[in-house]
Amino acid sequence: GDLATVEVEGWRGTHFMLASDTGLLEEVANGGIPSAWHPLGPTTTDEVALLSPLDPVSARGRAKALFDFDYVWEIYHRPDLVRFGRYTMPVLWGDQLVGRLDAKLDRKANTLVVNGVWLEEAATARDADFREALREGVRNMARFLGAARVDATAVTDRRLRTRWP
């Protein structure tokens, strides 16, 4: 189909979209949610989304511009400059980036190892709905990777650690 250009507040450069989606964008700009966008399965409120370090939403400073969330992919940092983890992913819950999660697949043990979870606000860990959404998001990631288990013993907040199998 034909392309249309679009400007995104806080983003530099020219961005493109399908011209046929212009009506959908106008509906969003007017506060609506297009019916075509209603979820077919769990939402990010039901199950957190663990965003890739290169996800277009969070990469290249966009997390700060869109969510006021400071995120830097630490893969290229010297070890003494790594704060969270080289592969730490932003955690999207509902429509907010609420924290970070660092995980690694241990192929020999067939286990997804969660090295840490860091939340923007401590109160989030007390929210039972968040804990369930986090559990489901991590379980979904483990299933996607083919891991048989999740090992979250390194997570310091026991409320977050004990909800995983």
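Student: Which residues are on the covered face of strand β2, and which on the uncovered one?
Tutor: In this predicted model, H15 and M17 form the covered face of β2, residues 15-18. F16 and L18 form the uncovered face. In general, side chains of a regular strand alternate between the two faces of the sheet.

Student: What does β2 pair with, and in which sense, parallel or antiparallel?
Tutor: β2 is joined to β1, residues 3-6, by four bridges, and the two strands run antiparallel. Within that pair, F16 of β2 stands opposite T5.

Student: Stepping back, how many helices and strands are there?
Tutor: The protein has four helices and seven strands. Read from the N terminus, the order is β-β-α-β-α-β-β-β-α-β-α.

Student: What is the strand order in the five-stranded sheet?
Tutor: The order is β3-β4-β5-β6-β7, in an open sheet with mixed pairing. The strands at the edges are β3 (49-50) and β7 (149-151), each of which pairs on one side only.

Student: How many bridges does β5 make with β4, and how many residues sit between those two strands?
Tutor: There are five bridges between β4 and β5, in the antiparallel sense.

Student: Is β5 mostly covered or uncovered?
Tutor: Mostly covered: of the 11 residues in β5, eight are buried.

Student: Which helix lies across the sheet strands?
Tutor: Helix α3, residues 128-145, lies across β3, β4 (89-93), β5, β6 and β7. Relative to β6, α3 runs at about 145 degrees.

Student: What about T124, where is that?
Tutor: T124 is in the loop between β6 and α3.

Student: Why does T124 count as buried?
Tutor: Because its relative accessible area is 13%, and the cut-off for buried is under 20%.

Student: Which residues does T124 touch, leaving out its sequence neighbours up to four places away?
Tutor: With those left out, T124 touches W93, L119 and F130.

Student: How far is T124 from V98?
Tutor: Their C-alpha atoms are separated by 7.8 Å, and the two residues are 26 apart along the chain.

Student: What share of the contacts in the whole protein joins residues 24 or more positions apart?
Tutor: Among contacts with a separation of 6 or more, 49% are between residues 24 or more positions apart.

Student: Overall numbers, then. What are the box dimensions, and what share of residues is buried?
Tutor: Along the principal axes, the C-alpha atoms fill a box of roughly 50 × 35 × 35 Å. Of the 165 residues, 34% are buried.

Student: What is the accessible surface, and how much of that belongs to carbon and sulfur?
Tutor: The accessible surface is about 10800 Å², with 51% belonging to carbon and sulfur atoms.

Technical notes: Residues numbered from 1 in each chain as written. Predicted model: local features only at pLDDT ≥ 70, side-chain atom pairs only at ≥ 80, totals over all residues. Heavy atoms only, no water. Pairing = 2+ DSSP bridges. Contact = heavy atoms within 4.5 Å. Axes fitted to C-alpha atoms, helices over the stretch in contact; angles between N-to-C directions. Buried < 20%, exposed > 50% of the residue type's maximum accessible area, 1.4 Å probe, protein only. Areas by Shrake-Rupley, 256 points an atom, 1.4 Å probe, with all protein chains shown as cover.
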